[in-house]
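Colleague: Could we go through this model together? I'd like to start with one of the helices and then move on to pockets and confidence.

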Amino acid sequence: MQIIWYGESCFKIISGEISLLTDPFSPEKRGFKNPRFLADLFLFSSFQELDRRKERVNNFFSFFTPGEYEIKNIFIQGIPHQEKGVLKTIYLIELENIKICFLSKISKFPSQEHLKKISKSEIILIPFNFISKEGVGFIKGVQPKLVVPFDLFLTKEEKIPKVLEKFAQEIGSSKVEILEKLKIKKRDLSWEKSKLVILKPNI
């Protein structure tokens with residue numbers, strides 16, 4: 001499996017010949033490189049995100065609401081998340097026997113009820129604003145093998161911000177890794193404590 005980050009909350013998850021894209025955006029408005037919608041499945045954080053791109057994804061499998069889905073040996077569970085009257089969706093994705101939680105564009109932590117479902121995740125894609133003292137407790141509750149923050153731009157040459165180093169230490173990660181892309185297999189997830197991984201944006 002490979003996970004590539006394109007900026008904001010846009011990830012491409014690749015498993016063999018199958019690919020899944022989260023929250024594709026308009027590159028001309030954001031100034032980032034978009035993965036040209038080359039994917040089999042699309043996940044959107046909310047209806048608003050889908051509405052911006054619906055003209056480009058009508059011929060593909062697209063999801064933007066809570067529910068349970070199985071497409072091409074990929075299992076997807078959408079969990080409802082309300083913020084200021086707006087329905088957003090947190091996604092649990094399972095492929096290659098690896099469970100991934102995509103927290104999407106949310107600004108508050110999931111409820112305790114939803115934490116029980118998320119706690120089965122081995123990889124969690126988490127907004128950078130969750131890198132906080134409260135976020136430490138959240139990660140310890142979920143106990144993922146890998147924590148991947150997004151909306152953070154770093155290169156391998158840049159110094160790791162102290163807030164990230166402290167967060168990594170508090171969740172039990174011995175170091176912070178910066179990668180071009182994440183390549184992982186089920187058998188690789190054998191360690192006990194959570195590890196913090198930063199992906200460079202593909203721009």
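Colleague: OK, which residues of helix H4 are buried?

Modeller: In helix H4, which spans residues 133-142, the buried residues are Gly135, Val136, Phe138, Ile139 and Val142. Seen down the axis of H4, these buried residues fall within an arc of 165°, so they line one face of the helix.

Colleague: And what is exposed on the other side of H4?

Modeller: Lys133 and Glu134 are exposed there.

Colleague: What covers the buried residues of H4?

Modeller: The cover includes helix H3 (112-118), strand S10 (123-127), strand S11 (146-150) and helix H5 (162-171). Just after H4, Gln143 takes a positive phi of about 60°.

Colleague: Switching topic: what volume does the largest pocket have?

Modeller: Its volume is about 230 Å³, and the residues that line the largest pocket include Tyr69, Phe75, Leu92, Glu94, Lys117 and Ser121. Strands S7 (74-83), S8 (86-95) and S9 (98-102) each supply at least two residues of that lining, which by class has 6 nonpolar, 2 polar and 4 charged residues.

Colleague: Last one: which element has the lowest mean pLDDT?

Modeller: Helix H2, residues 47-57, has the lowest mean pLDDT, at 49, whereas S9 has the highest, at 97. Over residues 50-59 pLDDT stays under 50, and the model has 14 contacts beyond four places in sequence for that stretch. Where pLDDT is low, the predicted coordinates should not be read in detail. For the protein chain, the mean pLDDT is 84, and 84% of the residues reach 70 or more.

Key: Residues numbered from 1 in each chain as written. Predicted model: local features only at pLDDT ≥ 70, side-chain atom pairs only at ≥ 80, totals over all residues. Heavy atoms only, no water. Buried < 20%, exposed > 50% of the residue type's maximum accessible area, 1.4 Å probe, protein only. Helix = DSSP H or I, 4+ residues; strand = E, 2+ residues; numbered from the N terminus. Arc of directions from axis to C-beta. Contact = heavy atoms within 4.5 Å. 1 Å grid on protein atoms, 1.4 Å probe; cavity = no way out; pocket = protein on both sides within 12 Å on 5 of 7 lines; lining within 4 Å. Points joined across faces, edges and corners; volume = space filled by probe spheres on them. Nonpolar A, V, L, I, M, F, W, Y, C, P; charged D, E, K, R; others polar. pLDDT = per-residue confidence, 0-100.
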